Amino acid sequence: MKKNLCMVFSLYFLALLQASFFVHVFPRGMAPNFVMAAVAVLSIFEHSKSNGGYFAALFGGLFLDMFSSRPFGFWVILLLAISFALKTIFEYYVRPPILT
């Protein structure tokens, strides 16, 4: 519970920074998508049976939808698809190294 709450606040902070601060810092308002990067990193490095990546994709997408001009639900669907694709690829096609 504590971990999920910390993740939600971190994603909110990243979405807020991306929408309000970084659009003025980077040229032509093309700021990197830190929420997408955080969801991708979490989906790659967590256990394949864990649902934390989907949880982060859901809340990260909701926060990005609140701050964007795209139709509501665009970022939620996109981040959930990215998280699902990464988890599927890493579960079925990438083998972890054997530690001896």
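Aromatic rings in the predicted model

At 29% relative accessibility, Phe-34 counts as partly exposed (buried is under 20% relative accessible area, exposed over 50%, partly exposed in between; 1.4 Å probe, protein chains only). Residues are numbered from 1 along each chain as its sequence is written. The model is predicted, with local features needing pLDDT of at least 70, side-chain atom pairs counting only at pLDDT 80 or more, and totals for chains, interfaces and linings using all residues, while side-chain values use heavy atoms, without hydrogens and water.

User: How many aromatic pairs does a search of the whole structure find?
Analyst: Rings of Phe, Tyr and Trp (its six-membered ring) pair if their centres lie within 6.5 Å; planes under 30 degrees apart are stacked, over 60 edge-to-face, the rest tilted. By a search of the whole structure, the number of aromatic pairs is eight.

User: What is the angle between the planes of Phe-22 and Phe-26?
Analyst: The two rings form an aromatic pair, 5.8 Å centre to centre. The pair is tilted, with its planes at 50°.

User: Is Phe-22 buried or exposed?
Analyst: The relative accessibility of Phe-22 is 17%. Phe-22 therefore counts as buried.

User: Why is the pair of Phe-22 and Phe-34 tilted?
Analyst: The ring centres of Phe-22 and Phe-34 are 5.1 Å apart. The pair is tilted because the planes of Phe-22 and Phe-34 are at 55°.
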